[in-house]
Amino acid sequence: MISAEKIPNNVGLSGNKRLQRALEHWQPKYIQWWKDMGPQGFQDYHQVYVRTAVSVDPSGWAHFEYVKLPEYRWGIFLADPVHDRRIGFGDFAGKPVWQEVPGEFRNQLRRLIVTQGDTEPASVEQQRWLGQRCPSLYDLRNLFQVNVEEGRHLWAMVYLLHSYFGRDGRDEAEELLARQSGNRDKPRILDAFNEPIENWLDFFMFTMFTDRDGKSQLLSLSESSLDPLSRTTRFMLTEEAHHMFVGETGVARIVERTCQLMKDAGYSEDVRKLGGIDIPTIQKFINLWFSLSLDLHGNEISTNAASYFSNGLKGRAQEEKWDDHQALDAIYELELPSNGGLERKAVPMRTAMNEVLRDWYVGDCEAGVQRWNKIFERHGMSERLRLPDRKFNRGIGMFSSVHYDPQGAPLSKEEWTRRRHEWLPATPDRDYLLSIMDRPVYEPGKFANYIAPPLRGINRQPINFEYVRTEA
Ligand code: BYC
């Protein structure tokens with residue numbers, strides 16, 4: 001039975017019988033999905049020290065307790081309403097935001113919400129085996145925190161589908177549990193969410209780069225003229241920040257440990273001899289997950305994106321920082337492949353909204369990589385990590401049919417096929433990572449050899465706190 005105690009919410013669930021019934025129908029299917037497709041081996045006997053949102057105020061969403069994962073209280077939260085909020089961009093700029101879905105935009109909004117919703121369970125599915133190879137209890141707990149919050153983000157989208165899209169919405173909510181990451185017949189919608197995440201370097205890069213696409217997409221959806229979508233995504237952003245923290249600090253701790261091991265090895269680059277992760281391997285995983293996440297922003301020129309903007313459904317990140325909220329006559333210049341070379345082309349800004357958001361995303365990633373490079377500086381080392389050129393390894397958009405190296409130099413198809421594993425993870429790299437992650441580290445305060453401990457624990461707990469405990 002769904003109740004405010006079981007499903008913490010600020011949407012007046014107990015006073016909305018229709019919604020309550022719809023969610024009651026969906027909830028057991030969700031729990032079954034979580035048990036089948038969620039963290040494997042951690043459903044029955046483990047208690048995890050997680051943060052559960054019980055309200056949207058700062059103290060409410062940072063409520064910590066031990067829970068068994070399937071009993072996590074997945075809640076439904078919207079950020080507080082903004083008084084007299086107006087549509088911030090597009091053809092309806094200045095008009096009051098919508099509390100209901102206008103019929104003419106129903107399909108577009110449903111498509112956006114379904115695409116967003118689909119990524120959330122997908123990521124839980126991708127990560128479901130990682131607990132068996134965790135580098136510490138601290139990291140195990142962070143993995144599960146990310147997983148339960150992705151589950152909550154699915155609830156957020158399902159709430160919108162059930163509340164505003166009637167029968168269609170209910171069908172879509174079922175489909176969100178039916179598609180499966182990597183499944184040949186029923187894959188997840190966006191490509192990056194069908195990629196395997198089999199080791200912890202994948203996981204940290206995913207939470208650094210792919211969750212950051214979550215940030216850019218949620219920022220743009222939080223500008224939406226559909227107020228419930230705006231308020232839902234605004235609250236999701238607070239949780240997304242933690243996921244990126246997990247990714248960025250996870251890689252930082254690997255880099256830190258690699259630097260220490262390189263020093264121990266007399267500044268040799270071959271830290272694999274000492275069980276560490278060498279810098280070229282780290283760079284390959286940056287190349288992979290950054291390029292996959294660039295694809296998540298869609299085509300460079302997109303009539304869908306133009307239409308979302310015109311209708312006020314999906315804006316730019318931080319729309320208030322732009323002067324012109326109509327972008328009617330604005331032009332965007334971009335580089336596109338042409339006759340074996342590149343050509344600069346000016347297109348209407350509205351059609352280039354995916355590219356505008358990608359620009360924002362690249363800047364945000366770049367800042368993160370620079371923070372990693374500070375670790376090398378602190379160790380007095382000249383090595384540096386870098387983002388590959390945005391034309392590298394693209395699967396969506398104008399650059400998907402041509403090949404470039406990470407510096408952006410064009411390559412023939414043959415050269416790409418011959419050399420791609422110089423820049424992207426190859427089977428021996430993956431085998432090596434699995435070999436150093438073959439045993440999980442479950443002892444409080446202990447860390448796998450390839451990663452440094454964090455600077456501090458969770459919620460002011462010590463680093464050797466028992467973040468995940470086995471039920472007696
Ligand atoms: N893979 O006109 P275009 C997150 C398809 S991550 C496969 O450019 P549009 C999270 C496209 O569907 C954030 N297909 O599309 C992170 C379309 O297909 P159809 C998720 C792709 O609509 C970590 C066709 O190509 N949120 O939250 O402008 C853990 C034409 O493309 C891909 C959102 O994505 C791709 N990468 O842009 C957990 C926000 N890209 O229908 C969670 C909602 C494009 O013609 N989604 N296609 O067959 C959107 O805003 C847009 O759908 C996209 C695509 C930006 C994704």
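**Note on the predicted model and its ligand site**

1. Three helices, α2 (106-126), α5 (200-221) and α8 (303-310), each supply at least two residues of the shell around the ligand. The structure under review is a predicted model, and the points below should be read accordingly. Among the contributing elements, α2 gives the most to this shell, with seven residues.

2. The composition of the shell deserves mention. By class, nine of its residues are nonpolar, 13 are polar and eight are charged. Of the 30 residues around the ligand, those that come nearest are Arg111, Gln116, Asn299, Ser302 and Lys314.

3. For Asn299, a backbone N or O atom lies 2.6 Å from an oxygen atom of the ligand. The ligand taken alone exposes 1,000 Å², of which the protein buries 82%.

4. Which pocket does the ligand take up? The space taken by the ligand is the largest pocket.

5. On charged pairs, the structure holds 36 salt bridges. One of them joins Asp168 and Arg106, whose closest N and O atoms are 3.7 Å apart. Because Asp168 lies in helix α4 (residues 166-178) and Arg106 in helix α2, this pair ties together parts that are 62 residues apart in sequence.

6. Two backbone torsions may be of interest to a colleague inspecting the geometry. Most residues other than glycine have a negative phi. Asn393, however, has a phi near 55°, a positive value in a residue other than glycine. Asn393 is found in the loop between α9 (353-378) and β5 (403-404).

7. The second case is Arg460. Where is Arg460 found? Arg460 is found in the loop between α11 (427-436) and β7 (468-470). Its phi is positive, at about 60°, although Arg460 is not a glycine.

Definitions and conventions. Residues are numbered from 1 along each chain as its sequence is written. This is a predicted model: local features need pLDDT of at least 70, side-chain atom pairs count only at pLDDT 80 or more; totals for chains, interfaces and linings use all residues. Side-chain values use heavy atoms; hydrogens and water are left out. A residue is near a molecule or strand if one of its heavy atoms lies within 4 Å of it. A polar contact is a pair of N or O atoms within 3.5 Å; within protein, one must be able to donate a hydrogen and the other to accept it, and residues adjacent in sequence count only if both atoms are side-chain atoms. Accessible areas come from the Shrake-Rupley method with a 1.4 Å probe; for residues, only the protein chains shown count as cover. On a 1 Å grid over the protein atoms alone, a cavity is a set of points where a 1.4 Å probe fits but cannot get out, and a pocket is an open set with protein on both sides within 12 Å along at least five of seven lines; lining residues have an atom within 4 Å of a point. A molecule sits in a cavity or pocket if more than half of its atoms lie within 2 Å of its grid points. Helices (H or I, at least four residues) and strands (E, at least two) are DSSP runs, numbered from the N terminus. Ala, Val, Leu, Ile, Met, Phe, Trp, Tyr, Cys and Pro count as nonpolar, Asp, Glu, Lys and Arg as charged, and the others, Gly among them, as polar. A salt bridge is a side-chain nitrogen of Lys or Arg within 4 Å of a carboxyl oxygen of Asp or Glu.
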